[in-house]
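Dear colleague,

Please read the notes with the coordinates open beside them.

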Amino acid sequence: MGLFDSFGLVYPAALYLFALPPLLVIAYLARERPRQVVVSSVIAFRALRAMRGKRFGGRPRLQWTFFLELLILCFAVLAIASPYVAGKGNPAAVVIDNSAAMQAQTSSGPSRFENIRKRIAAALSSSDSEAALYVTAPQPHEVGVFHGADAVRAALDRVSVTDAPDDTAALVGLLAQLNANRHLGRIIFGSYRPIAAPVPARVEEITAGEPIANYAIGSFVLSRESFGAAALHGRATVANFSRSAQTLALTVVADGKTAARAQARVEAGEVAALDFPNLIPAKLYRAQLEPSDGFPLDNVAYATGSAVRGVSILLVSPTPAHGRSLRSIPGVGLSTVPPASYSPTELAAVDLAIFEYAVPKQLPAVNSLLVMPPPGDPIFTFNVRTAAHLDLTGWLPVDPVTDGVNFHLLNLRSGQYFGVHPWMRPVVSGAGGALILAANRQGHRFIATGFNPLPYLGRANLPMSILTLNMLGYLADFGGQGMDLRTGAPWIIPAGVKQIVLPSGRKETVRAGESFSSATIQGIYTLMAADDSQTQRAVNLADLATSDLENAPPLKVEAAGRAASEQAAVRTSLTPYLLAAIMLLLVLESLLVYSRGRPAIPALGR
Amino acid sequence: MLGLPEEFTPDFIARLEQLRIKTRREYAGLGKGFHLSPRRGSSLEFSDFRHYALGDDFRYIDWGLYGRTDKLYIKLFKEEEDLLTYIFLDASGSMGFPANDRKFEAARATALAVAYAALAAGDRVMIRVLGGVGAPPKAPAFVYGRHRIVEIARQLGTLTPAGEVDLAPALAHEMVSIRRAGKVFVVSDFLAMVNSVERALGIFTAANMDVSAVQILGGSELDGQGLHGDVEVIDAESRERLRVALGPRERERYRQTLQRLSREIRNFCFRSGLRYALYTTDRNFHDFFLRAATGLGLVH
């Protein structure tokens, strides 16, 4: 192979710029042109040796700076031409699976990941002059390009396994992309999953890990037991990925104390749900699955009490004091506005709205409770009749609103009866008409009452309190469950959070509103706000597909690449080296010229 | 102060008032003064005898001589008159370069210092400017009285050095308007060929005048005018161009040439009985003038 087989230019036309050096010579000659200076008399200068020659620019004095600048100019022209060196060998691509499933122990002792790492290191040879290293989790990405097998091995040592599952589609896409790259000589892929036949010719797969029995926690979430209750309800799913039925026991530890324990007999390949009612309020909950197995990551799950979302209520009322009793309900956040200030946009941040003595001008976009609405509005078109004393006559016996309410003890005073409503059904009736109406309209729930239950919320009036909580619970649909965050899945950093402490103890400075993608470890993440307040979030693997270590589906990679025998030229650009040399020469010239110092020539003329 | 150069501090003025011009010969003045004149007068300085004539003041009869010769002789005394002082200030283009040396300013201060010393001693002063642009004194006229220094300073203050001046013809032209001999001060950089300078100063010696030459050179002018490398130098007066390559050796040679030129002018002055002083502008003016005063013919 000749010289020109190993060297080339991306932009050969740039070599025309080599016409520039003569311009540099001209510039130098122009620079050497003597300055004209008026002196008092030339009489004493006559004695000096006159300059030789009278050609353009005077005597050209090509100093070392000229040759230095000529060299810089030549380098610059070469850099524009983008020279490269074409290597003989083909670069390799190394893809190592660092997803959570690689943490599983092998029968020989070390984890799958350690096993694969050693085997990849052994598979690298001295002919791999250049290799790009890729990892698969949480998303497949390139770690870097390394020159020499030793550099790749060193980079491999720095790669760590994550708690995050991999994105199978993205991984297959990466492998297909690498396979289509004709510059690559070979692709080493190390994973617990094989590649479905036919395996592309250039792909060398290294598979580690035989199928193993595994018991896993699929999910572990908390929710509020009922509307207004302080106790939480835990629910977990457990899976048996073994070849025989197994009794799986789950112990929930709340802030270090055992709070509950449940077990279930789960058939092979089946999933069971375990409930933990009335969990004591705590900050942190940890669920531990027994028996243990070779993949301990999914035998543990975490949850936080603060993650159980409360119910936010907007009270539109001319008497905001009535909302005071609502604030005492656990998990309820209340904001109050007078009817004159109400805007439908305020509903965007709340779960339900209460309109007391008021009716919105358009149908609310959230579930709403209308307390003693005024008649004649165009939306609800209530027909009401005011009464000094309300007599209860009937109620629906099976209804979430009336559930558990002893209406015999409910003593209603003044209020209003509703007439027949076109689209709301009566739930509680009185002597003069309906006292509670309910309906679903445009996907939202609405309840209207002919009396005001809000001032009576509390233990002093239990029937009224139960009725009120029933109504709010029905409208709030029991609020939301706890957040279910998974390893590898990014989440939006809440407002006010400046720093996040990872389960490893490492702190990461963050900005609110941005995506947080470093949740690759299972555990508790502490979110630190600027005002030093802390909230905690639990991040779990919660991926039964990953936990199923018995059945690892093979990856299907399209065999679209060329044969390995078709060597692709590897171009190594020389431009960065040329630019570095130019910078070095410029610095050298600056230093030398500065240290030599140019003599100051005063202006002698006027 | 009153338009005088900044060099004229009260202390310097006081020192100037203590000076008076001393000439190597006696010159007739235009009025009473303190210099001995070749004219007969009434000073205490004896001049000659003559025979007594009728009407002579017999207080001047030398009775001792009468006793020895038995003839009456009258003693004659010299007259004391003022001194006619001529100051020629070179304002040619060369005096303006190098600009940062302020050669012309130094030459003007020298001329004014001499003028003030003369006026303070009761002598008459005539200042003539060679070359330059501005408002120099036009008609050749003497000024008298120390207060006239302000007027002279204002006139010289408007001058800017310019133009080409060939010293010998210029001074010869000035000599036409000078009718009486006296003391002559020539203040110039004398940057001309030595024989040209000799010819110029020889005009005054031929006219029996007492000449003092003050050469003004710039500090950087003596040191190669701050030039380095390949330079095309242009003569400020003749506009002659010369391309030279100035390095350390060339600068030294230039310096030696200029010093030799100055030395030759000084030697000529000493040979011809002229007074000479060299002032380089990097020195303190007061020190120079007060030290060089005696050499220039200014005594206490």
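How many helices and strands make up the secondary structure of chain B? Chain B has nine helices and twelve strands, where helices (H or I, at least four residues) and strands (E, at least two) are DSSP runs numbered from the N terminus. Please keep in mind that this is a predicted model, in which local features need pLDDT of at least 70 and side-chain atom pairs count only at pLDDT 80 or more, whereas totals for chains, interfaces and linings use all residues. Residues are numbered from 1 along each chain as its sequence is written, while chains are lettered from A and ligands numbered from 1 in the order in which they are written.

Chain B

Of the 300 residues of chain B, 40% count as buried; a residue is buried if 20 or more other C-beta atoms lie within 10 Å of its own, exposed if 12 or fewer, and partly exposed in between, with C-beta atoms placed from the backbone. Among the contacts in chain B between residues at least 6 apart in sequence, 77% join residues at least 24 apart, a contact being two residues whose C-beta atoms, placed from the backbone, lie within 7 Å.

Strand 4 of chain B (residues 84-90) is largely enclosed by the rest of the structure, because seven of its seven residues are buried. Both of its faces are covered, with B:Leu84, B:Tyr86, B:Phe88 and B:Asp90 on one side and B:Thr85, B:Ile87 and B:Leu89 on the other. Strand 4 of chain B pairs in the parallel sense with strand 5 of chain B (residues 124-130) over seven bridges, where two strands pair if DSSP finds at least two bridges between them.

Where the chains meet

In the contact between the chains, 26 residues of chain A meet 31 residues of chain B. Strand 2 of chain A (residues 35-39) gives the most to the side of chain A that touches chain B, with five residues. That side of chain A has 16 nonpolar, four polar and six charged residues, where Ala, Val, Leu, Ile, Met, Phe, Trp, Tyr, Cys and Pro count as nonpolar, Asp, Glu, Lys and Arg as charged, and the others, Gly among them, as polar. Strand 2 of chain A and strand 9 of chain B (residues 229-235) pair in the parallel sense over five bridges, with A:Arg35 opposite B:Val231.

Chain A

Chain A holds ten helices and 33 strands, and buried residues make up 36% of its 606 residues. Helix 8 of chain A (residues 462-476) is mostly covered, with eleven of its 15 residues buried, among them A:Met464, A:Leu467 and A:Tyr474. The buried residues of helix 8 of chain A pack against strands 16 (311-316), 18 (352-356), 19 (367-371) and 25 (444-449) of chain A.

Strand 15 of chain A (residues 300-304) has four of its five residues buried, and five bridges join it to strand 14 of chain A (residues 284-290), the two running antiparallel. In the loop between strand 14 and strand 15 of chain A lies A:Pro291, and the peptide bond from A:Glu290 to A:Pro291 is cis, with omega near 0°.

Some backbone details may deserve a look. Most residues other than glycine have a negative phi, and most peptide bonds are trans. A cis peptide bond also joins A:Ala197 and A:Pro198. A:Asp255 has a positive phi of about 50° although it is not a glycine, and A:Asp255 counts as partly exposed because it has 13 C-beta neighbours inside 10 Å. A:Ala542 has a positive phi of about 45°, but A:Ala542 counts as buried, with 24 C-beta neighbours inside 10 Å.

With best regards
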